[in-house]
Every structure is written in structure tokens, then in C-alpha cells.
Amino acid sequence: MDHQPKFFENLSGTGKAIGVLTSGGDAQGMNAAVRAVVRMGIYVKAKVYFVYEGYQGMVDGGDNIVEVSWESVSSILQVGGTVIGSARCKSFRTREGRLQAAYNLVQRGITNLCVIGGDGSLTGANLFREEWSGLLEELAQKGKIDEEAVKKYAYLNIVGMVGSIDNDFCGTDMTIGTDSALHRIIEVVDAIMTTAQSHQRTFVLEVMGRHCGYLALVSALACGADWVFIPEYPPEEGWEDSMCVKLSENRARKKRLNIIIVAEGAIDCHNKPITSEKVKDLVVQRLGFDTRVTILGHVQRGGTPSAFDRILASRMGVEAVLALLEATPATPACVVSLSGNQAVRLPLMECVQMTQEVQKAMDEGRFVEAVRLRGRSFENNLNTYKLLSHKKPDAELPKTNFNVAVLNVGAPAAGMNAAVRAAVRVGITEGHKMFAVIDGFEGFARGKIKEISWGDVGGWTGQGGSILGTKRTLPAKYLEKIADQMRTNNINALMVIGGFEAYESCLQLQEARSRFEEFCVPICVLPATISNNVPGTDFSIGADTALNAIVETCDRIKQSASGTKRRVFIIETMGGYCGYLANMGALAAGADAAYIFEEQFDIRELQANVEHLTEKMKTSIQRGLVLRNENCNENYTTDFIYQLYSEEGKGVFDCRKNVLGHMQQGGAPSPFDRNFGTKISAKAMQWISKKLKETYRKGKVFANTDDSVCLLGMRRRNLVFQPVAELKTETDFVHRIPKEQWWLKLRPLMKILAKYKTSYDVSDSGQLEHVAMHSPKEAETGAI
């Protein structure tokens with residue numbers, strides 16, 4: 001892309017006033033969005049106003065609409081819910097109410113609104129915008145405002161952000177709050193699993209989602225639930241029998257617990273509700289299993305937002321301000337949202353209409369259509385869940401006579417086990433014999449390889465680290481022994497799950513093909529490393545869990561610093577030479593600076609940071625947080641930076657340092673990593689099956705083309721298989737990082753939100769797109 005970068009410095013907010021409100025049900029991450037709107041607004045010299053208590057505050061006016069400063073949004077990033085309040089408002093539904101709201105806004109010169117809420121709130125905002133000029137005319141006729149004001153404030157611009165834990169809004173892959181709600185659900189499921197296992201119990205869990213099954217579906221995927229009930233995909237007639245057969249089969253296989261997840265809006269194919277109590281009674285009556293119901297309720301809305309939600313909301317908040325600055329009277333009200341890893345703007349009413357279409361399809365019993373309308377991501381989740389949860393009887397499975405081996409390479413990363421489980425189960429479904437290699441290529445050379453069955457990987461999704469064992473050893477020094485083992489065990493394909501070493505290993509195997517025919521088989525790499533430094537992918541399995549560990553620790557440290565006042569913490573993160581964890585951790589934790597290898601810095605910059613913190617200590621926010629990637633500079637070490645800050649800050653602030661270390665590698669995988677690992681692994685296994693069929697000639701598999709050794713990565717909006725040979729040109733092998741990294745574009749965002757002057761390339765944003773209906777085929781090819 002050789003476009004000329006477009007910088008937002010040319011967009012000025014001078015003379016503009018922006019109102020920000022949260023409406024409808026609250027969601028974790030709303031505060032991060034509010035903070036980003038306020039700071040970005042002030043940064044571009046606009047006036048920014050809080051509208052307290054949603055539309056109710058807009059109608060009531062007075063103290064409910066107040067101008068805010070930079071410091072007004074300090075310390076809210078890590079708080080769940082919304083600090084500016086949200087209320088359901090009957091009066092805004094009347095024309096009188098909207099007339100009063102318009103009057104209150106005009107009084108303060110506010111003609112730009114940023115609304116954070118669900119589809120109801122956004123529909124209300126759009127109606128308000130359409131009526132705006134009529135409302136002003138009416139106010140003028142009643143003598144409340146003069147003709148001058150009617151002309152001056154003739155247009156109202158509206159930008160929406162979707163804050164909803166249900167993820168029920170069409171056109172956006174993830175709404176603000178969804179990831180955090182999944183964190184709450186998975187924490188509960190993990191806790192319940194231990195008690196259920198002790199007593200051989202069955203648990204029926206009810207999660208939120210009156211009209212949308214996203215939370216139920218993804219949490220079922222993420223914990224390997226036995227059965228899930230969602231409104232979009234009712235079970236077939238006779239489901240009671242099928243479910244009970246499945247539960248008793250699992251018990252017969254020595255599985256000590258069963259988990260059933262029910263969305264609160266679950267229905268059967270006659271549109272009759274399926275309640276958690278009904279499911280429990282059924283299990284008790286038919287099977288006599290000890291069964292308990294847990295209704296999660298408002299726990300799912302509570303708690304601190306996850307790292308993903310903070311970053312999503314911060315990106316969306318900044319994008320919303322840019323959209324308001326660029327809006328013209330002709331621009332329709334838009335929603336800023338995320339498609340894959342790409343920020344997009346979509347016409348608000350198109351999204352709302354599509355969301356209503358889903359409900360209509362469900363009411364009319366067109367469930368296949370409803371799933372399709374929900375979008376690629378939802379359909380993919382459903383297909384993957386169906387693939388992994390039900391094992392067909394052996395007699396019904398195809399037999400391919402292919403043997404596929406799975407191994408972990410490199411450092412452990414949370415989510416590796418979910419990927420292994422998905423690979424094994426999809427492989428078995430496709431008719432292959434699956435083999436697990438213990439301890440990476442080192443174990444492979446020693447013959448530590450065994451067949452692995454469907455039941456062997458039960459309960460693996462929630463386990464951190466690597467159950468198979470993993471080593472950093474590359475295959476180069478064991479090529480002959482590995483080739484022997486591949487021949488002995490007749491291995492026809494390899495799936496390698498790991499970090500930069502996994503990618504390098506597969507390059508070595510490909511280069512060795514000319515000497516060892518055994519390596520002429522399909523090979524697929526799945527990126528799994530906390531450092532997120534593998535070329536060919538925006539995300540790798542494990543990075544999200546590590547980011548959450550960093551952010552959680554930073555929150556605690558910030559709290560400690562706030563208590564003692566005038567204290568700056570220097571925190572060292574892992575990542576090798578890749579600054580992803582430091583940079584994104586800084587964005588999600590609201591840090592003042594992040595030192596990374598990719599952006600060289602010198603003593604002058606360190607000095608400027610110290611001066612910036614000295615200024616900050618004069619305000620009411622008397623604490624500082626600085627992140628440093630472990631390898632960002634060989635001379636400016638964490639100790640050096642700590643000593644420099646301590647010396648230069650004498651009398652103004654004192655310093656502490658903290659090296660986070662291996663805690664970043666441990667812990668149970670986050671819902672994102674479980675889900676991402678599961679989905680890309682299932683997709684990779686299907687690719688391996690396809691390649692095996694293509695390369696099977698005269699009784700053997702022979703694959704020696706570049707496209708038979710691929711890495712499966714997420715790029716912007718799609719999952720793509722890329723030959724590792726082609727990725728070589730994109731790689732800096734000395735520092736083990738990709739030459740170009742998407743997240744560096746978000747670096748200015750962190751600086752803006754920490755009050756630094758910087759330039760921000762906005763070439764990628766700004767185009768209003770349309771909500772695309774996707775074809776069924778697309779669900780298989782693309783999104784996560």
C-alpha cells in the first residue's frame with residue numbers, strides 16, 4: 001500500500017463541542033471508551049461534555065451536562081461499568097423529551113454526539129439526528145432560541161460505539177464488554193469444574209443472552225461443554241434423548257463431570273423456552289445424575305474490563321472523534337466497529353436493520369438464516385463447536401489411513417493445549433490416526449511419540465502451559481533421527497504449534513526435503529507465543545493471556561502508587577525484541593510511556609519523559625507508570641532507566657521498579673486464546689486433510705512444493721495460509737521479529753492518551769463502508 005499517509009493534525013476540533021453519553025445496559029470497557037473520546041477530543045482542541053445518566057441526563061439538562069478536563073477521566077480505565085451513569089429513559093421516546101434535549105444541547109453549543117450503548121440507544125440517537133432541524137425550528141417558534149442559533153447549530157452529527165456484553169449487534173465482530181463478560185463466565189466455569197469433578201456432578205450454567213447466543217456459544221467452545229442451548233440454533237426434535245445419550249456416554253468414558261450451558265433466551269424448534277431448570281429436571285429424571293444449576297446473572301456485567309476490551313474501546317473512542325471531526329451534514333450517522341483486526345465505520349441504520357432482521361428470522365423459525373445474518377464469526381464458532389463436541393461412533397468415521405503428528409515447539413504459551421485438543425478431535429473426525437509428540441523436536445528424535453485418542457484431550461482447553469511438553473530445540477541437529485521416527489511411525493503430516501522456533505523449524509524441515517524424503521509431507525505452523533513475534537499473523541495464541549496478566553499487575557501497581565502519591569513505577573515486560581506486550585500493555589493500563597526496540601530512543605527522549613512526569617505530578621494525578629520491553633536497548637537497561645528517573649525526579653517523585661518475569665507465561669488461558677487456538681487449529685487440520693488428498697499418489701504422500709509448508713495466521717480481517725518460504729522476506733531473523741508490525745500504528749494512540757504531542761496516521765480510517773451480507777462459503781474461508 002503506497003498511499004500517502006494522511007495525518008489527523010489537519011483535522012481541528014476548534015470551535016466544536018462533543019457530548020459523550022453511555023446508554024442502555026452497562027458493559028465493561030465503556031469507561032475506556034469515554035476516556036478515549038474525552039482525551040482525543042481535548043487533544044484536537046474541541047470542548048468535551050459528559051452527559052450523565054444517558055438520555056435522561058440530556059433531557060433533564062442542568063448539572064447533568066458538564067464540560068470536562070483531561071483529569072476528569074483519570075483512573076477510570078480499569079473500572080467496570082460506566083462512571084457517567086446510564087439510565088433507561090421514557091421521556092426521550094417522546095417528541096417533548098427530545099425537544100428539551102435539543103434545547104439543552106444548543107445552550108452549550110453541542111452539535112456532535114458520541115453515543116455508547118446497544119441498538120436501542122443508537123436507534124434513538126439516529127431519530128434525534130433526523131428530527132434535529134425540525135426541533136430547532138420548533139424551539140425558535142416558541143421563542144426559546146433565536147434564528148441565529150438555528151443557523152449556527154443546523155446539523156447534529158452522531159457517531160455510535162456498541163457497548164453490549166451480548167455481542168448482539170450486526171456489522172461488528174466484537175462489541176465493547178463481550179470479552180470481559182466471557183472472562184467472568186470462564187472464571188466461574190473453571191471454578192465449577194473442580195468441584196464438579198470431585199463429586200461427579202452435572203452442572204447446568206445459565207448465561208446472559210436473551211436474543212443472542214454468542215456468550216453461551218463461545219463459553220461452551222472455550223470450556224469444552226457437553227451441550228449448549230442458544231436462541232439462534234434450537235436443538236432438533238428429540239433432543240432430550242440425544243443429550244441424555246451423550247451425557248451417559250461421557251460418563252461411561254470415565255468423564256467425571258458434565259457441563260451444559262444455556263443462554264437465557266434459549267428456545268426449542270417450536271419457539272418454546274428451554275430453561276436451565278427444565279434441563280436439570282430432565283437430567284435428574286432420565287439419568288439420575290447429581291445435577292446443580294448455576295445462574296450467572298449480573299456477575300457477567302461486572303468486574304474490571306479485560307485487556308482486549310480496553311484496547312478495543314480506546315481504539316474505537318479515538319476513531320469516533322475522528323469520524324465526528326470529518327462528518328459533514330451529508331454524512332449518515334455511523335458506528336465505529338471492529339472487523340477482524342481492522343477499525344471500520346458503518347452506517348448506523350444499516351447495522352440496526354440487520355440486527356432486527358436476525359430477530360425477525362428467529363421469530364419466523366428461519367434459524368439457518370438467523371445464524372448467517374449474525375455474521376462470519378458467529379457461524380464459524382457454531383461450526384467449530386459442532387465439530388468438536390460430538391464424537392461420531394467409530395463405524396461412522398471415515399478411514400483415511402493417514403497418520404498426523406502434533407507437537408509443541410518453543411516456550412509454553414496459554415492456549416497451546418486448546419489447539420492440540422482441536423487438532424486431535426478434528427483429525428479423528430476426518431478419519432486420520434492422530435499422534436502426539438512429547439517435548440518438541442528433541443522428544444521426536446528420541447521416539448517420544450504415541451497415538452492420542454478423542455478422550456485423551458478432554459478438559460484440555462482450560463489448562464495453561466503445554467501438556468505435551470515443549471522445547472526450544474530446533475530440528476537441524478536431529479534431522480536424521482526425526483526422519484527415522486517419521487518413517488517408523490509412518491507420519492504423513494505435521495502440525496507444529498509454537499512461536500518463532502516453530503516457524504524456523506518448519507523452514508529447516510522444508511530445506512532438508514532434498515536430503516530426506518520423509519519431510520515431503522504437508523506441514524502446518526500455528527503461531528503460539530506470548531511475544532506475538534511470528535511473521536504472517538497479527539495475533540498469536542498466548543499473547544492475549546500474557547497481556548491480561550501484565551494489565552492486571554499494572555492495575556495493582558497503579559493502585560499502590562496512587563496510595564503513596566508522587567511515585568513512578570518502571571515495569572519490565574517479556575517479548576524478546578518484540579515490543580507488542582510493552583506497547584499494548586501500556587495502552588491497556590494507561591501508562592505514561594513504553595520503551596520498545598522497534599522505536600529507537602535516546603537520552604533526550606528519556607529526559608523528555610522525566611519532564612513530562614514532573615509536570616504530571618503538579619496535577620491531581622500523582623503517579624506514573626512506565627513499561628519497558630526486556631530487550632529494547634542493551635545500554636538503557638531497566639536498572640539504568642530506574643536510576644535515571646530516581647536521580648532526575650529527586651524531590652518531585654520517587655521510583656520503584658518491577659520485573660514481571662515468567663508470570664506472563666503462566667496462568668489459565670484467556671477466553672480469546674482458547675477460542676483463537678481452537679478455531680485456527682480446526683481450520684489448519686482441515687487444510688492438512690485437503691493437502692493429504694491432493695498429494696497422495698501411488699500409495700504414498702509426496703508433497704514438495706512451497707505451498708505444502710504453511711503458517712496459518714490472522715491478517716487484518718481474514719485467516720490466511722502462507723507458505724513459510726514466502727514469509728522469509730518479511731522476517732528480521734537476527735531479532736526474531738517481523739519487519740512490519742501492525743500494532744506500531746497504535747503507538748501514537750498510547751502517546752495521545754498519555755498527553756504527548758505526536759502525529760497519527762489515519763489513512764486506514766475514514767471510509768464509510770456498507771454492512772455486507774456474506775455468502776455461506778465465506779464463513780469457511782475467512783474470519784475468526
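**Close-up 1. Side-chain directions along strand S6 in the predicted model.** Thr202, Val204 and Glu206 point one way from S6, while Phe203, Leu205 and Val207 point the other way. Residues of both groups are buried. In a regular strand, side chains alternate between the two faces of the sheet. Strand S6 spans residues 202-207 and is mostly covered, with six of its six residues buried.

**Close-up 2. Pairing of strand S6 with strand S8.** Strand S8 comprises residues 258-263 and pairs with S6 in the parallel sense, over six bridges. Within this pairing, Glu206 has Val262 of S8 as its bridge partner. Glu206 belongs to the group of S6 residues that also holds Thr202 and Val204.

**Close-up 3. Pairing of strand S6 with strand S9.** S9, formed by residues 291-295, is likewise a parallel partner of S6, here through five bridges. The bridge partner of Phe203 in S9 is Arg292. Phe203 points the same way from S6 as Leu205 and Val207.

**Close-up 4. Packing of helix H13 against helix H22.** Two packed helices are described by the angle and the distance between their axes. For H13 (residues 376-389) and H22 (residues 671-695), the angle is about 75° and the axes lie 10 Å apart. The two helices are therefore roughly perpendicular to each other. H13 contributes Ser377, Asn380, Asn381, Thr384, Leu387 and Leu388 to the contact, and H22 contributes Asn675, Thr678, Lys679, Ala682 and Gln686. By class, the contact has seven polar, three nonpolar and one charged residues.

Conventions. Residues are numbered from 1 along each chain as its sequence is written. This is a predicted model: local features need pLDDT of at least 70, side-chain atom pairs count only at pLDDT 80 or more; totals for chains, interfaces and linings use all residues. Side-chain values use heavy atoms; hydrogens and water are left out. Axes are lines fitted to C-alpha atoms, for helices over the stretch in contact, and angles run from 0 to 180 degrees between N-to-C directions. Helices (H or I, at least four residues) and strands (E, at least two) are DSSP runs, numbered from the N terminus. Angles under 35 degrees count as roughly parallel, over 145 as roughly antiparallel, 65 to 115 as roughly perpendicular and the rest as oblique. Contact means heavy atoms within 4.5 Å. Ala, Val, Leu, Ile, Met, Phe, Trp, Tyr, Cys and Pro count as nonpolar, Asp, Glu, Lys and Arg as charged, and the others, Gly among them, as polar. Buried means under 20% relative accessible area, exposed over 50%, partly exposed in between (1.4 Å probe, protein chains only). Two strands pair if DSSP finds at least two bridges between them.
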